[in-house]
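Here is a short briefing for a reader new to this structure. Look over the sequence and the model first, then read on.

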Amino acid sequence: MRAGARLRALIAVAGLAAVAVASACSAPAAIPPPGRGPIGYWNRNRLLHARPLRGRYALVPTPGQSYNAHTARIAPRVGALFVRQGSANHFCTASVVTSPGRDLLITAAHCINGGKGSGYRQDIVFIPDYRDGQAPFGVWTVRRLLVAPGWASNADPDLDVGFVVLDPQNGQNIEDILGANRLAFHPRYQSLVRVTGYPASGDAPITCLNYTSRLSATQLRFVCGGFTGGTSGSPWVMRFDRLTRTGTIVGVIGGYQQGGDTDSISYSAYLGPAIQRLYREAIATGGAAPRPGQFHLLLSTYVGRS
């Protein structure tokens with residue numbers, strides 16, 4: 001089926017995406033209230049008019065730096081993560097990461113949970129390789145969201161990493177169709193990485209190659225112009241293979257200043273023990289129905305931060 005026809009067919013389907021909650025290691029999540037569901041909500045007009053979840057609108061690079069990000073010709077494992085925050089529509093970036101359930105995304109925690117007790121975003125869908133309102137690999141709904149309790153309660157920048165478990169489509173999980181990047185914990189502070197994400201325009205992903213550096217023991221830094229709002233959650237991929245288009249994720253845009261206050265310098269929380277525990281929880285709960293008492297389910301509306 002052509003991509004446009006597939007998107008129209010998917011949007012025509014009303015459904016309820018179950019967004020469940022992690023165990024004691026992660027923050028409480030919620031089930032969306034009854035309605036048309038995320039796919040029914042995200043029509044083409046809303047996709048095209050969604051705004052970046054965070055600003056990062058400065059267009060002047062820091063001294064000595066220049067714009068060198070360029071449009072990614074194809075980014076099948078990276079996509080736009082569309083979320084509803086109150087009455088506003090926004091987007092971030094997320095990417096497929098390897099997991100036993102073959103159904104997992106990594107993104108910034110602030111993309112899916114406002115922190116400081118504000119709760120999870122609503123009507124979340126993932127569109128891999130999204131371009132100008134088109135969904136070449138379909139529209140994927142969410143089964144579970146996971147962030148660390150320190151992010152959910154205090155918006156701790158060192159915990160600004162989140163995981164998204166996706167529903168299958170037609171009996172297949174997203175990794176079955178697109179493959180996935182690996183995930184590395186305790187990485188070196190300096191690594192050559194490729195960073196790919198969706199800028200403020202949201203029309204197509206951009207990508208850039210550069211070295212990471214140490215901002216602090218718990219934060220990494222990446223310098224490249226063009227990473228405006230919307231790129232939060234963009235994966236930092238080390239050892240990127242141009243043939244397979246895969247590599248190893250050592251960070252995601254987020255963390256300090258929720259990813260950076262200018263478009264030329266980006267940050268990531270260091271993938272240390274706390275993020276490793278969250279990942280282990282995500283792969284333990286993804287792809288299988290929860291055991292009785294394993295999750296605390298809350299019926300509530302989502303309250304996001306502006």
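Predicted model: local features only at pLDDT ≥ 70, side-chain atom pairs only at ≥ 80, totals over all residues.

**Salt bridges**

- Side chains of opposite charge can pair when their charged atoms come close.
- The count for this structure is 4 salt bridges.
- One of them joins Arg 84 to Asp 123, with the closest N and O atoms 2.8 Å apart.
- That pair links distant parts of the chain. Arg 84 is in strand S4 (residues 78-85).
- Arg 84 and Asp 123 are both buried.
- Another salt bridge runs between Asp 176 and Arg 102, where the closest N and O atoms are 2.5 Å apart.
- Asp 176 lies in helix H6 (residues 174-178), and Arg 102 lies in the loop between S5 and strand S6 (104-107), so this pair ties together parts that are 74 residues apart in sequence.
- Asp 176 has a relative accessible area of 36%, so it is partly exposed. Arg 102 is also partly exposed, at 33%.
- Asp 129 forms a salt bridge with Arg 131, and their closest N and O atoms are 2.9 Å apart.
- Asp 129 counts as buried because its relative accessibility is 6%, which is under 20%.

**Aromatic rings**

- A pair of aromatic rings is described by the distance of the centres and the angle of the planes.
- Searching the whole structure gives 11 aromatic pairs.
- One of these pairs is Tyr 130 with Tyr 198: the ring centres are 6.2 Å apart and the planes are at 50 degrees, so the pair is tilted.
- The two tyrosines come from distant parts of the chain, 68 residues apart. Tyr 130 is in the loop between strand S7 (122-128) and strand S8 (140-147). Tyr 198 is in the loop between strand S11 (192-197) and S12.
- Tyr 130 and Tyr 198 are both buried.
- Phe 185 and Tyr 279 also make a tilted pair, because their planes are at 50 degrees; their ring centres are 5.7 Å apart.
- This pair, too, links distant parts of the chain, 94 residues apart. Phe 185 is in the loop between strand S10 (182-183) and S11. Tyr 279 is in helix H7 (residues 273-285).
- Phe 185 is buried, with a relative accessible area of 17%. Tyr 279 is buried as well, at 12%.
- Ring pairs join Tyr 41, Trp 42, Phe 82, Phe 91, Tyr 130 and Tyr 198 into a cluster.

**Charges over rings**

- Arg 46 lies over the face of Tyr 41, 4.1 Å from the ring centre.
- The charged end of Arg 214 sits over the ring of Tyr 189, at 4.8 Å from its centre.

**A nonpolar surface patch**

- Leu 192, Leu 209 and Tyr 211 make a nonpolar surface patch of about 280 Å².
- Tyr 211 lies in strand S12 (residues 206-216). Leu 209 lies in strand S12 too.
- Tyr 211 is partly exposed, with a relative accessible area of 46%. Leu 209 is partly exposed at 43%.
- Leu 209 and Arg 194 are 15 residues apart along the chain, yet their C-alpha atoms are separated by 4.5 Å.
- Leaving out residues up to four places away in sequence, Leu 209 touches Leu 192, Val 193 and Arg 194.

**Single residues to look up**

- His 90 is in strand S5 (residues 88-97). Its relative accessible area is 14%, so His 90 is buried.
- Beyond four places away in sequence, the residues that His 90 touches include Trp 42, Arg 51, Pro 52 and Phe 82.
- Lys 116 is a residue other than glycine with a positive phi, near 55 degrees. Lys 116 is in the loop between helix H4 (109-112) and S7. The residue is exposed, with a relative accessible area of 56%.
- Ala 155 has a positive phi of about 55 degrees, although it is not a glycine. Ala 155 lies in the loop between helix H5 (149-154) and strand S9 (162-166). The residue is buried, with a relative accessible area of 13%.

Definitions and conventions: Residues numbered from 1 in each chain as written. Heavy atoms only, no water. Patch = residues over 30% accessible without salt bridge, like charges linked within 9 Å, V, L, I, M, F, W, Y side chains within 5 Å. Areas by Shrake-Rupley, 256 points an atom, 1.4 Å probe, with all protein chains shown as cover. Salt bridge = Lys/Arg side-chain N within 4 Å of Asp/Glu carboxyl O. Helix = DSSP H or I, 4+ residues; strand = E, 2+ residues; numbered from the N terminus. Buried < 20%, exposed > 50% of the residue type's maximum accessible area, 1.4 Å probe, protein only. Phe/Tyr/Trp six-rings, centres within 6.5 Å; stacked < 30°, edge-to-face > 60°. Lys NZ or Arg CZ within 6 Å of the ring centre and 35° of its normal. Contact = heavy atoms within 4.5 Å.
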